[in-house]
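Hi,

Here is the model I promised to pass on. Have a look at it first, and my notes follow below.

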Amino acid sequence: MTAAELGAPDRVLRGRFQKDHERRYVHVPFEVPTGLRQVHLRYWYSDQIDSDPLISGGNTLDIGLFDERGIAEGSPGFRGWSGSNKMEFTIDESWATPPYRKGKIGRGTWHVLLGPYKVGPRGCDWKVEIWFDPGLQSPVQGGAIARRVNPDPLPEGRSGWLRGDLHCHTLYSDGDSWPPEMLMTAAEAGLDFLGTTDHNNVAHQLAYGPGGDGLPIVVPGVEVTTYGGHWNAWGTDRWWEFREPEAEAVERTMRAAAESGAVVSVCHPKPFGPPWEYADVSGFHAVEVWNGPWPQLNGASLAYWEELLRGGTRCAALGGSDTHYLKSGDVPLRHQDALGTPTTWVHVDGRPTVTAILAALREGRSFVSASPRGPQLYLEPDRGRAGRVSVEARDGAGSTLTLFSDSRSIAATSVDDAAWARAFDLPAGLEYVRAELASATGEILALTNPVWAEQL
Ligand SMILES: [Zn+2]
């Protein structure tokens, strides 16, 4: 039996969304009888368009599923959310279509979660068909993709520094590859750690395993994807509320995630990121100031972070490639990213562990570079003298180094050597200082986190 050969469904749910339903989730109940081993869902809606924020004029309908254990915040009954990426999926006792969770098919009231992300001018008619015990077989999981045999060695970093990518997607949300393939590709790129951030799911984490032993260390995460912006949490193994788009709910959830020990970061606060619509929300540790290649409007994200710093909010900068595709040739421009573009470098004391990486991210013991090859940029208080910082740039010859404080440049100089270092005396009274390396055309090549006044 294949999904194409399914007979008449056991349940059909129908409805219609108007413009004023846009970005409001609804839960549509259906009854599941006793003794089932498998449910299969397929949905359809009118005037379908892609979820890409650049496209409008039609409908994008997101879907998810809750079982009989209920729809409350944090409910164990959450079986998964696939955005608008999968038009049908199966949940079986012993397997499930990613990102959905396999397991017992309990009797009772289940809910289809529907999210009209975009509703076009003609409204959105929708239909969900449900089959009970259709007898579908588990799809075969793809194997690892071909490896580069002899990768060029990467430039060495300072001792205790690890390079990684914090943001990627697999078949457990809207990517095209399995977690082990993503991890192998990260290894091939020379990364020491990989943050795994499928949208609104954590089921991918089991498929990755812990990494290590020659593979990058897996930093288990989730991209909490709300209709007003996305945020990443790393160091968490549960789903976080994404259905409430109000700023108050978003802040409450971010704070709860931080409280639980996760590192929380605002994702891509820039046009078409999608953007971050919660300007007044606080409670996060970091901002993803660099998402994908620098020219993809990352200047707006950097400006957002700088505004926070200037306003006295201490939060760290980090980067993530947001890689979705390892295989597809026909990829939307904004997803033509590669793992390590950019790379976030963290300084860990002692053994490299997830806990140590999380601590470095939380505390801003990190910098971001265009790729795993660098350039590397180290900024630290000068140990010999107060009011002075030392800067080391590796592999940055031909670029310009600028020091910033309170949003203004306080020093700029050209970097003329691949191994370059200099100390700078700072004006008195600064709140912080941070460093950037830029190319001749103004493209950022590396940027550091701040050194704060009391460290100077
Ligand atoms: Zn995102």
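Which domains does the lining of the second largest pocket draw at least three residues from? Domain 2 (161–374) and domain 3 (375–456) each give at least three, with bounds from an automatic or database domain assignment.

Before the rest: this is a predicted model, where local features need pLDDT of at least 70, side-chain atom pairs count only at pLDDT 80 or more, and totals for chains, interfaces and linings use all residues. Residues are numbered from 1 along each chain as its sequence is written, and side-chain values use heavy atoms, leaving out hydrogens and water.

Back to the pocket (on a 1 Å grid over the protein atoms alone, an open set of points where a 1.4 Å probe fits, with protein on both sides within 12 Å along at least five of seven lines; lining residues have an atom within 4 Å of a point). About 450 Å³ of space lies in it, the volume being what probe spheres set on the points fill. Among its 20 lining residues, G364, R365, L379, E380 and P381 are closest to the centre. Strand 19 gives the largest share, 5 residues; strands here are DSSP runs (E, at least two residues), numbered from the N terminus.

There's also an open sheet of 4 strands, ordered 2-7-4-5 with antiparallel pairing (two strands pair if DSSP finds at least two bridges between them). Strand 2 (26–32) and strand 5 (78–83) are at the edges with a single partner strand each, so one side of each lacks a neighbour in the sheet. Strand 4 (60–66) and strand 7 (108–118) pair over 7 bridges, and G64 has L113 as its bridge partner in strand 7.

Cheers
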